[in-house]
Amino acid sequence: MTSKTEQNIGYVLAGVLFIVGLLCYTVFAKNPPQEPLRIMFTSTGGKVFFDHKTHFSESGYAFECDMCHHMLEGEGEKPVSCGECHLEDGEDTPKRSDALHTQCIGCHEDSGSGPVDCSACHLR
Amino acid sequence: MDKDKLFVSSYAPYWHNGSSLSVKSYNIMLAALPAVILGITQYGAPALGVVAFSVSFAIFWELIMNYVMKRPVTIGDGNAALIGLLFAMLLPANTPWWVVLVGTFIAIVIGKQIFGGMGCNPLNPPLVAIAMLMLSWEAMLSFDEALVNYDLGFYMAYPLAALKHFGPDTLYHYSPGQLLMGQQAGAIGTTFGLGLIIGGIYLILRGFIRWEITLSFLTGVFVTSLLFYVSDPAAYAPPYFHLLTGYTLIGAFFLAPEDASSPVHFIPMLIYGACAGFLTVLIRNIGAFADGVVFAVLLVNVANPLFDKIRPKALGKGTDHA
Amino acid sequence: MTKKPFFGFGRPKLKHVRLDHLTQPEIKPIPLPARLTVFLHHAAEAKDLGIRSGTPVKTGEKLPYKGIGGYFVSPATGTIQGISENRTYTDRRFLAITIQVEGKDKWDPQFTEAAQSPGPETALDYLAFLPGISDFTSLISRDTPLHTLIINGTDPDLLILTNQLLMNASPEDIKAGLAHLSKVSGIDQVMVVVPPDLRTQAEKTGAEIRVAEPVYPHTLPRLLVPNLLNQPLPANRPLSDLRVGVISAEAVLALKTAFTDKTLPVEKVISVIDKENRVTCVRARIGTPVKDILGALKISTQQGDRIALGGPMTGQGVYSEDMPIMHDTDAIFVQDKRRVIPPSDSPCINCGECVRACPARLPVNMLVRLLENGLYEEAAQRYDLLSCVECGLCSYVCVMHIPVFHYMMLGKHELALREATEEFNG
């Protein structure tokens, strides 16, 4: 049913787009930004969709990095991962969820803005 | 008799209106382009990569199946490319290449070829693929999660997920104008409402899709969401929101009217579209998934043979006693 | 006019051309060829004939045979050159009788005498093969008589202008023909149907005028007549079930010629459609090979072109231009090989174009699936195959170029065969 020309269009389309796709995935691949824009925390109580950008950007709350992240590496650019210091089975190591709950809800309560209810952050 | 001058003899008619499947496929792809191009300008090279790979892989799978099944090569009819394009339009911009590869495999091989190829698929191939991916790699198709690294200057939470999780209170972030102009997070080719509508109207006017299905699908979404909204405006989103977000418009113009999986008679087309619209809103408002188009259309695809039993009385039938 | 318009979402709109489409306003006479061929579809074997090779015949001579109808009329003066037994592609047997034409016409006197007393018997005895109608006698000799005759001044298929041209050119002669017709048939109720532009001319016939929109397929008698009468026609039943008969304007004219000139009509008016879709009406002797007609019009053909007897939508394809025109051939359709669109064995994609186009509201998408697999009975019982009015629009619009119409006709043919076999077996 399909003519030779039509078939050749198919081959050319497949070939050209494969090369375009290959370039897009390799050469033009976009690296994630230095400062994350939004972070999706996974947890058993439902994922938390955290808007990082609003917290640090000038147009948002303009927080300094060290307001939330303690222990910054180098020139205070890159936060150190929690596990670097707090050992996983250490005795006084707080649970990740407790740490995050304290930090988020504590700040939200102190400043009197931002969500504090479970369902306002956790997606279910 | 002159044996050197024989004529081509076949059955009437000797005229044809000139339509062909490749023209139809490429026109549908053309109509989808405005929405795809906006997606690519928004998300850049990664979106182009997904679209390019998806079309290319779809043709590749079709070709492989042609050889495996020892059938004539059918990549010339453009249908595989169309399935690839529609599938890409449903994906978030930074989908990994292997998801595209697996998805096009599901669409072409499981969605279409194992049923016998063109015209024999009981379900819409791109939707089969999307449904399987949604159930297998949920995170890949959660737009909030997939698009965390994009900031396009508008509210970047996926509207339907926001509605699902936080209720209609969050809807002040989205104005109808913004939704229509593609100022919303979502899949590559589904956010630009105006582009989809223009493309869809072009297809309807040229007779490439059946307007009855599109119209009844949109009416179904509108009426159902209106009923929900009227019953409790605090709990449910208004109709415009359901019409302009998620897969509604691409579903109405490109997915539900897919030839093989939809009915052909007038009343069945209306029922089919209306059912799909109804189920879409039902799944969104009281179901488990943020968007209902995928499963709504797949469900009515399954019911399609039943719908098509309703047909007009043929000429000269039932008139014996008249 | 053969292409789908750029914007088109409804059913195809195929308008008939009007008379100004003709290349010349008058009918071009085709010279008598050296050899004529007559096909006899109701005679199977050469021994059924009363003539054999070498028998001299006169123009208008009634030649009897054993079989339905019982006679045919020699269209020219000459000698029988050959009689061959053939089969159609549906395996029906027929005889082809070739006449070597010799000189000027010598008219057989038999009919001249019979025409002195015009009546039903004369018509039955001589006019079965009236040009322009497939079987005239079946209209006038019936167990249940018809109450109305419809004189068709329209042409069924696209680009055919035969009846319209004759209606426009000689309404007075048709009026005279109508008088003979009512005498022969005994039916007084007559209705003339014409396209809108011929209304004034048609009124000169003095009969009741009905106007039919010249849009295909509504000019096909099976759609036209029930529409005119506002009476539904049950599926697969002949038009005579409505107790009406359809007779073309050309046949009425031929009847008039027969009784005024007292000679049997042996010529046929044919619309010849050339490769550029231009139409010329010609008058040719029945039995003239297509080759001679195309030659007279300087239409050249080559291997791989297409020739059909009839119009572009319903005509019957022929493989050789030696095929003759018959008394009911309305047109010759010639198509250049570059425009021949081959059918395809692709599967149906269920796009619904055929369903939209079908004037009989058939589920063509289901029918084509059943017919492809030979499930003819199921097609007829569950999906109304027999309601098909044979317009060919399903094939015309098919995106996949499936020969849908061919499948439909094959199904009908197979069913008819089975029915015949069942009757034969008891």
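In chain C, four strands form an open sheet in the order β11-β10-β9-β13, with parallel pairing; two strands count as paired if DSSP finds at least two bridges between them. Helices (H or I, at least four residues) and strands (E, at least two) are DSSP runs, numbered from the N terminus. The edge strands, each pairing on one side only, are β11 (208-211) and β13 (244-248) of chain C. From one strand to the next, the twist averages 30°. Axes here are lines fitted to C-alpha atoms, for helices over the stretch in contact, and angles run from 0 to 180 degrees between N-to-C directions. The model is predicted: local features need pLDDT of at least 70 and side-chain atom pairs count only at pLDDT 80 or more, whereas totals for chains, interfaces and linings use all residues. Residues are numbered from 1 along each chain as its sequence is written, and chains are lettered from A and ligands numbered from 1 in the order in which they are written.

Strand β9 (residues 148-152) of chain C runs parallel to β13(C) and is joined to it by five bridges. Within this pair, Ile150(C) stands opposite Val246(C) of β13(C). Helix α7 (residues 221-229) of chain C packs on the sheet, where it touches β9, β10 (189-194), β11 and β13 of chain C. The direction of α7(C) makes about 125° with that of β13(C). Contact between two residues is defined by their C-beta atoms, placed from the backbone, lying within 7 Å.

Chain C as a whole is divided into domain 1 (14-30 + 266-339), domain 2 (35-104), domain 3 (113-261) and domain 4 (353-425); the bounds come from an automatic or database domain assignment. The C-alpha centres of domain 1 and domain 3 of chain C lie 23 Å apart. Their contact takes 29 residues from domain 1 of chain C and 23 residues from domain 3 of chain C. On the domain 1 side, β1 (14-15), β14 (267-273) and β15 (279-285) of chain C are the elements that give two or more residues, and β14(C) gives the most, with six residues. By class, this side of domain 1 of chain C has 14 nonpolar, nine polar and six charged residues. In these classes, Ala, Val, Leu, Ile, Met, Phe, Trp, Tyr, Cys and Pro count as nonpolar, Asp, Glu, Lys and Arg as charged, and the others, Gly among them, as polar.

Elsewhere in chain C, the axes of helix α11 (residues 364-372) and helix α14 (residues 404-425) come within 10 Å and cross at roughly 65°. The crossing of α11(C) past α14(C) is left-handed; a crossing is left-handed if the near helix is turned anticlockwise from the far one by less than a right angle, and right-handed if clockwise. Val364(C), Leu367(C), Val368(C), Leu371(C) and Glu372(C) of α11(C) meet Val404(C), Tyr407(C), Met408(C), Leu410(C) and Gly411(C) of α14(C). The contact of α11(C) with α14(C) has eight nonpolar, one polar and one charged residues.

Chain B is divided into domain 1 (21-140) and domain 2 (155-307), whose centres, taken over C-alpha atoms, are separated by 20 Å. In chain B, 33 residues of domain 1 are in contact with 29 residues of domain 2. The largest share of the domain 1 side, 12 residues, comes from α1(B). That side of domain 1 of chain B has 26 nonpolar, six polar and one charged residues.

Helix α10 (residues 211-231) and helix α12 (residues 248-255) of chain B have axes that come within 8 Å and cross at roughly 155°. The crossing of α10(B) past α12(B) is right-handed. Thr214(B), Phe217(B), Leu218(B) and Val221(B) in α10(B) meet Thr248(B), Gly251(B), Ala252(B) and Phe253(B) in α12(B). The residues of this contact of α10(B) with α12(B) divide into five nonpolar, three polar and no charged.

Chain B also touches both other chains named here. Its contact with chain C takes 44 residues from chain B and 61 residues from chain C. With chain A, 27 residues of chain A are in contact with 27 residues of chain B. The largest share of the chain A side, 12 residues, comes from α1(A).
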